[in-house]
Amino acid sequence: MNIAEIHFHNQLSEDNFPTMAQEVIAGLSSRPKYCSPKYLYDQKGSELFEKICELPEYYPTRTEEAILRQAMPEIAELAGKDATLVELGSGASRKVRLLLESLSVRCYLGVDISRDFLVSSTRRLAADYPWLEVHAACADFTRGVALPEGISPKRLVTFFPGSSIGNFTPEAAERFLISLRRCLPTGSGLLVGVDLLKDHAILESAYNDADGITAEFNLNLLDRLRKELGFDIEREGFSHRAFFNERQSRIEMHLDSRDFQVLSLNTKSIRFRKGESIHTENSYKYSIPGFQRLAGRAGFSSRRVWFDDDGLFSIHYLISSSR
Ligand code: AVJ
């Protein structure tokens, strides 16, 4: 057995920020009701997401991987030698293996909110790449990014794959990129995967797969609220719904209440009309120039962009500018 060493950094502090319970209750007490998509990723949710990535309808993962493979020589050239690679939302850390194998990376930092999942996948990386210094930071990067101690900010390349940036509204994505740029030295690279606007039927089927895995992934949130927060909430009371909102250029994922119901948590009660939903995720879709403009407003300039022949997905190499 190979016991691989990783450097673990816990950045999920709860002192200054609302806890999950407070944040969830605030969302469910709003109109319309919502819950942040980051809560979809407990251990079970992270595993279900890995299954989604394999689905025939879910084109982003395999398309992004194919683009990465093709672009790798150019990416290696842009990243230069001895880079430190930071991966945001590292999940199973599968795609980053392509980068680790082609780039000359000395140090890797995986950042993810799902602690056990993060630890087991970064341990596997450390075992498979014994020459690599592996760090894992359990963090909610939607609140900002901070480099843990021991990570040299020299020659940083940040990898933000999967179009996770699409979970932010464009305004929040811009703020997020600004906060990221502030913790990077000028000239740092950002390799970011961005899902493209396309035929609505293709988009909608990617979030409504025939096997119902995406529905499971969405409904798993309710199990989590019951088990971790003590809500008297049952997944049987809700159904999965996902559709493309053309005006906003985003896929929306909801959990629709099948009936009138009142949920309670301690002294709080939350009422649902029949058909009323909890909005659980947005997944924004961009055009290439649209995303470049957004990144530009946040102080990142485009160096290179790659996309597949069908125009499904794009990968951008951006450089942080000094302003
Ligand atoms: C991980 C946010 C990129 O929006 O496509 C997949 C999550 N949700 N199926 C996406 C997701 C439903 C995914 N991201």
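This tour goes from one selection to the next and says what is there.

**Before you start**

The model is predicted: local features need pLDDT of at least 70, side-chain atom pairs count only at pLDDT 80 or more, and totals for chains, interfaces and linings use all residues. Residues are numbered from 1 along each chain as its sequence is written, and side-chain values use heavy atoms, with hydrogens and water left out.

**Stop 1: the annotated domain**

Select residues 20-318. UniProt lists this range as "domain: Histidine-specific methyltransferase SAM-dependent", in an unreviewed entry. UniProt positions are given in the numbering used here, feature names are shortened, and annotations may be inferred rather than shown by experiment. Over residues 20-318 the chain is 36% helix and 27% strand. The end C-alpha atoms of that range are 33 Å apart. Helices (H or I, at least four residues) and strands (E, at least two) are DSSP runs, numbered from the N terminus.

**Stop 2: a cis peptide bond**

Select R31 and P32. The peptide bond from R31 to P32 is cis, with omega near -5 degrees. P32 sits in the loop between α1 (20-28) and β2 (33-34). Most peptide bonds are trans.

**Stop 3**

Two packed helices are described by the angle between their axes and the distance between the axes. Axes are lines fitted to C-alpha atoms, for helices over the stretch in contact, and angles run from 0 to 180 degrees between N-to-C directions.

Select residues 43-52 and 213-229. These are α2 and α8, packed at an angle of about 160 degrees, with axes 9 Å apart. α2 and α8 are therefore roughly antiparallel to each other. The cut-offs: under 35 degrees is roughly parallel, over 145 roughly antiparallel, 65 to 115 roughly perpendicular, and the rest oblique.

α2 passes α8 in a left-handed crossing. A crossing is left-handed if the near helix is turned anticlockwise from the far one by less than a right angle, and right-handed if clockwise.

Now show side chains. From α2, the contact (heavy atoms within 4.5 Å) uses K44, G45, L48, F49, K51 and I52. From α8 come I213, T214, E216, F217 and N220. By class, this contact has 5 nonpolar, 3 polar and 3 charged residues. Here Ala, Val, Leu, Ile, Met, Phe, Trp, Tyr, Cys and Pro count as nonpolar, Asp, Glu, Lys and Arg as charged, and the others, Gly among them, as polar.

**Stop 4: α4 and its cover**

Select residues 95-102, helix α4. K95, V96, L98, L99 and L100 are buried there. Buried means under 20% relative accessible area, exposed over 50%, partly exposed in between (1.4 Å probe, protein chains only).

For the buried residues of α4, the cover includes the helices α3 (59-79) and α5 (115-128). Strands β3 (83-88), β4 (105-112), β6 (156-160) and β7 (189-195) are also among the covering elements.

**Stop 5: S90 and G110**

Select S90, in the loop between β3 and α4. S90 counts as buried, at 4% relative accessibility. Leaving aside neighbours within four places in sequence, S90 is in contact with Y108, G110, V111, D112 and L118.

Move to G110, in strand β4. G110 is buried too, at 0% relative accessibility. Not counting residues up to four places away in sequence, G110 touches E87, S90, L118, H135, A136 and A137. Then draw a distance to L85. G110 and L85 are 25 residues apart in sequence, and 8.4 Å apart in space, C-alpha to C-alpha.

**Stop 6: two positive phi values**

Most residues other than glycine have a negative phi. Select R155, where phi is near 50 degrees. R155 is in the loop between β5 (133-138) and β6. With a relative accessible area of 45%, R155 is partly exposed.

Next, N266. Phi of N266 is also positive, near 50 degrees. N266 is in the loop between β10 and β11 (268-272). At 75% relative accessibility, N266 counts as exposed.

**Stop 7: F260**

Select F260, in the loop between β9 (250-257) and β10 (261-265). Beyond neighbours within four places in sequence, F260 is in contact with R271, F272, R273 and K274. F260 and E276 are 16 residues apart in sequence, and 8.4 Å apart in space, C-alpha to C-alpha.

**Stop 8: α6 against α9**

Select residues 170-182 and 288-297. Helices α6 and α9 pack at an angle of about 45 degrees, with axes 8 Å apart. α6 and α9 are therefore oblique to each other. α6 passes α9 in a right-handed crossing. P170, A173, E174 and L177 of α6 meet L294, A295 and R297 of α9 in the contact. By class, the contact has 5 nonpolar, no polar and 2 charged residues.
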